[in-house]
Amino acid sequence: MDIFYVVITGCGVIIAKFLVDLFGKWINNLQLNTELKEYDKLNEYIDIAQAAIEKAVISTSQVYVESLKASGKFDKEAQIEAKNKALEIARQLITEESKNAIIILYGDFEKFLDSTLESVVNMNK
């Protein structure tokens, strides 16, 4: 009978360890999937922000830049003014969710906005 209890206790410990390991793996997978979903959502917000920046650049170019270029008045001051107009439009279009996602992933919203805007302007040249 003592041998039976030793065997049962030993099997119980092995089964308990197996269940704890299995539960740990399940928790890790759940956390990984949750993190990936959150990361995907952040990327979605950033894509929306990038689209807003592109719209701001295109709008500024069509409304402001093209007319100045046609009249030969697109100088350094006009370039700065165009950039400021595009930045302001982008700030108005970007949602708080997108802004928060940018801060979470990149740290500084204004740097992201400025560098992305410059990148879009260079691609559109």
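The following exercises, each with a worked solution, concern a predicted model of a protein.

**Exercise 1. Overall architecture**

Task: State how many helices and strands the protein has, and describe the order of the elements along the sequence.

Solution. Step 1: The secondary structure consists of four helices and zero strands. Step 2: Reading along the sequence gives the pattern α-α-α-α. Step 3: The boundaries follow for each element: helix 1 covers residues 2–71, helix 2 covers residues 76–93, helix 3 covers residues 96–106, and helix 4 covers residues 109–124.

**Exercise 2. Burial, contacts and surface of the whole protein**

Task: Determine what percentage of the residues is buried, what share of the contacts joins residues 24 or more positions apart, and what the accessible surface comes to.

Solution. Step 1: The protein has 125 residues, and buried residues make up 20% of them. Step 2: Among contacts with a separation of 6 or more, 69% are between residues 24 or more positions apart. Step 3: The accessible surface amounts to about 9300 Å², and carbon and sulfur atoms account for 60% of that area.

**Exercise 3. The surroundings of V120**

Task: Decide whether V120 is buried or exposed, and identify the residues that V120 touches beyond four places in sequence.

Solution. Step 1: V120 belongs to helix 4. Step 2: The relative accessibility of V120 is 5%; buried means under 20%, and V120 therefore counts as buried. Step 3: When residues up to four places away in sequence are not counted, V120 touches I53, E54 and V57. Step 4: For V57, the separation from V120 is 63 residues in sequence, while the C-alpha to C-alpha distance is 7.2 Å.

**Exercise 4. The surroundings of T60**

Task: Locate T60, classify it as buried or exposed, and list its contacts beyond four places in sequence.

Solution. Step 1: T60 is part of helix 1. Step 2: T60 is classed as buried because its relative accessible area is 5%. Step 3: With neighbours within four places in sequence set aside, T60 is in contact with V65, A82, K85, A86 and I89. Step 4: One of these residues, K85, lies in helix 2 and is taken up in the next exercise.

**Exercise 5. The interactions of K85**

Task: Describe the salt bridge of K85 and the ring over which its charged end sits.

Solution. Step 1: The salt-bridge partner of K85 is E81, with 3.9 Å between the closest N and O atoms. Step 2: Both residues lie in helix 2, four residues apart, which is about one turn of the helix. Step 3: K85 is partly exposed, at a relative accessible area of 34%, and E81 is partly exposed as well, at 35%. Step 4: The charged end of K85 also sits over the ring of Y64, at 4.9 Å from the ring centre. Step 5: A further lysine, K99, lies over the face of F109, 5.1 Å from the centre of that ring.

**Exercise 6. The nonpolar patch**

Task: Name the residues of the nonpolar surface patch and the helix that gives the most to it.

Solution. Step 1: The patch is formed by Y39, I104, L105 and Y106, which together have about 430 Å² of accessible area. Step 2: Helix 3 gives the most, with three residues. Step 3: Y106 is found in helix 3.

Conventions:
Residues numbered from 1 in each chain as written. Predicted model: local features only at pLDDT ≥ 70, side-chain atom pairs only at ≥ 80, totals over all residues. Heavy atoms only, no water. Helix = DSSP H or I, 4+ residues; strand = E, 2+ residues; numbered from the N terminus. Buried < 20%, exposed > 50% of the residue type's maximum accessible area, 1.4 Å probe, protein only. Contact = heavy atoms within 4.5 Å. Lys NZ or Arg CZ within 6 Å of the ring centre and 35° of its normal. Patch = residues over 30% accessible without salt bridge, like charges linked within 9 Å, V, L, I, M, F, W, Y side chains within 5 Å. Areas by Shrake-Rupley, 256 points an atom, 1.4 Å probe, with all protein chains shown as cover. Salt bridge = Lys/Arg side-chain N within 4 Å of Asp/Glu carboxyl O.
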